[in-house]
Amino acid sequence: MLTRVWGIRGEFVAIPFSDHQERFQRLGRVYLFGNSPAPGQYDVESVRNASGAMLFKFHGIDSITDADPWRGAEVRIPREERLDLDPGEFYLSDLAGCEVVERGTGLSLGVVTGFSEGGASGVLAVGADLLIPFVRSICVVIDVGAKRIEVELPEGLKDLNRS
């Protein structure tokens with residue numbers, strides 16, 4: 001995710017949602033999905049580390065004015081450029097659309113509609129009003145091929161965010 005503009009050349013500070021940050025040096029083309037500009041395809045001009053942050057520069061985004069509308073945008077990598085993952089690793093985009101079911105009852109809680117950083121592990125947004133911590137002790141079976149996540153929810157979690 002692009003969090004803020006860095007400097008005057010249109011660079012971005014980014015939060016990588018990957019354990020394989022070395023791969024960013026080899027990126028060619030990415031897709032940016034933001035709130036205001038229409039999604040777009042951009043060539044990566046450079047990626048570098050500065051003060052512990054990942055800095056991205058895209059061709060055609062050359063000033064603060066060009067960059068500002070993309071603040072908060074999601075950076076997506078073409079499927080063909082994705083790395084093969086180790087067992088137990090998932091691309092966040094593959095979790096979207098997964099049905100979430102309670103392990104013991106098989107009761108459907110809804111479909112994953114998003115993911116956000118929160119706490120040490122992140123949080124799955126399920127339906128319109130349920131947030132589930134994305135931790136192994138709760139999300140006990142994840143089958144992205146079947147688009148299904150089985151959960152064991154702590155007592156009261158279902159009612160915590162619901163009105």
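Me: Is Cys98 buried or exposed?
Reply: This is a predicted model, where local features need pLDDT of at least 70, side-chain atom pairs count only at pLDDT 80 or more, and totals for chains, interfaces and linings use all residues. Residues are numbered from 1 along each chain as its sequence is written, and side-chain values use heavy atoms, with hydrogens and water left out. Buried means under 20% relative accessible area, exposed over 50%, partly exposed in between (1.4 Å probe, protein chains only). Cys98 has 0% relative accessibility, so Cys98 is buried.

Me: How many disulfides are there?
Reply: A disulfide is a pair of cysteine sulfur atoms within 2.5 Å. The sulfur of Cys139 has its closest cysteine sulfur in Cys98, 10 Å away, which is too far for a bond. The count is 0.

Me: Which residues have the most contacts inside the largest nonpolar core?
Reply: A nonpolar core is a set of buried Ala, Val, Leu, Ile, Met, Phe, Trp, Tyr and Cys residues joined through side-chain atoms within 4.5 Å. The largest has 18 residues. Those with the most contacts inside it are Leu2, Phe12, Leu32, Phe56, Phe58, Ile61 and Trp70.

Me: Which residues does the second, separate core include?
Reply: This core has 16 residues. Among them are Leu95, Val100, Leu109 and Phe134.

Me: What is the phi of Lys147?
Reply: Lys147 is partly exposed, at 32% relative accessibility. Lys147 is not a glycine, yet its phi is positive. The value is about 55°.
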